[in-house]
Amino acid sequence: MRKKIVAGNWKMNLLDEEVINYVVDFNSKKGEIESEVEIIIFPASLYLDTMISMPDWDIKIGAQNCSQHKSGAFTGEISAEMLRDFDYDCENLHYCLVGHSERRAYFNETNTILAQKVDRLLECELKPIYCCGEELEQRKSESHFEVVKSQIIEGLFHLDEKQILNLVIAYEPVWAIGTGETATSKQAQEMHQFIRETLKEKYNEEVANSISILYGGSCKPSNAKELFSQPDIDGGLIGGASLEVDSFIQIINSI
Ligand code: PGA
């Protein structure tokens with residue numbers, strides 16, 4: 001059985017007080033959660049500590065990014081080892097996003113750099129959520145399968161069978177992120193199935209069937225159920241709709 005996951009990617013949103021209010025609100029509504037699902041929230045790194053320090057907070061948290069370097073003169077960066085160091089205290093930080101399309105587009109993160117980030121995280125026993133997805137032009141020119149395949153091969157296929165089982169993949173078509181335009185459940189399922197086939201070709205069926213693959217891109221309460229009902233979609237990576245407790249809980253309950 002693959003793990004079902006609904007994760008909230010807050011990006012560069014919410015200040016300290018808003019994080020506190022969110023946690024209080026979320027905790028008061030926890031009873032409404034009906035699904036057996038792993039919930040993860042990715043706040044800005046500066047507020048990981050705020051979140052974890054809140055009473056009764058038992059939801060997993062993750063970082064949105066880490067450096068590909070182990071340590072050294074890399075001003076502004078946070079290492080995987082620092083994240084693990086933090087986790088030693090709270091035991092709730094297990095995940096880190098890698099290769100979100102905004103990181104690829106605005107911070108020039110290539111598949112080669114992302115492969116290094118994956119390595120740093122796995123060395124520190126943290127789980128990468130490796131994001132992939134094509135741009136609109138690539139879909140229009142029907143090269144989307146090829147693009148996603150090379151993101152998977154170049155970012156992940158240096159890993160051995162045991163290592164790859166410690167990560168999650170998120171398929172996020174760039175044209176659907178923050179645009180209100182969602183991939184249809186058919187388009188999403190088709191790509192998730194393709195990713196699983198790609199994993200099967202390199203590893204084996206058992207590995208391919210064990211890795212959770214999340215969908216992201218304008219996922220909201222109105223479309224989550226349909227997306228999550230697809231056989232190869234194991235949950236979602238939610239941006240905008242995770243910033244509101246009520247809509248996030250509705251999405252969680254759609255699984
Ligand atoms: P969105 O973002 O749900 O706001 O489209 C998803 C993401 O970027 O992870």
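In which hand, left-handed or right-handed, does α1 pass α12? In this predicted model, α1 passes α12 in a right-handed crossing. Residues are numbered from 1 along each chain as its sequence is written, and side-chain values use heavy atoms, with hydrogens and water left out. Because the model is predicted, local features need pLDDT of at least 70 and side-chain atom pairs count only at pLDDT 80 or more, while totals for chains, interfaces and linings use all residues.

**Ligand surroundings**

- The ligand is surrounded by 13 residues, and the closest are K11, H100, E172, G178 and S218; a residue counts as near if one of its heavy atoms lies within 4 Å.
- This shell comprises four nonpolar, seven polar and two charged residues (nonpolar: Ala, Val, Leu, Ile, Met, Phe, Trp, Tyr, Cys and Pro; charged: Asp, Glu, Lys and Arg; polar: the others, Gly among them).

**Polar contacts and cover**

- The side chain of H100 has an N or O atom 2.6 Å from an oxygen atom of the ligand (a polar contact is a pair of N or O atoms within 3.5 Å).
- For E172, a polar side-chain atom lies 2.7 Å from a ligand oxygen atom.
- G178 contributes a polar backbone atom, 2.7 Å from an oxygen atom of the ligand.
- Of the 280 Å² of accessible area that the ligand has on its own, the protein covers 95% (Shrake-Rupley method, 1.4 Å probe).

- Helix α1 (residues 16–29) and α12 have axes that come within 10 Å and cross at roughly 45° (axes are lines fitted to C-alpha atoms over the stretch in contact, with angles from 0 to 180 degrees between N-to-C directions; helices are DSSP runs, H or I, of at least four residues, numbered from the N terminus).
- α1 and α12 are therefore oblique to each other (under 35 degrees is roughly parallel, over 145 roughly antiparallel, 65 to 115 roughly perpendicular, and the rest oblique).
- The α1 and α12 crossing is right-handed (the near helix is turned clockwise from the far one by less than a right angle).
- The axes of helix α11 (residues 221–228) and helix α12 (residues 245–252) cross at roughly 20° and come within 8 Å, which makes α11 roughly parallel to α12.

Methods
Polar contact = N/O pair within 3.5 Å; in protein donor to acceptor, adjacent residues only side chain to side chain. Helix = DSSP H or I, 4+ residues; strand = E, 2+ residues; numbered from the N terminus.
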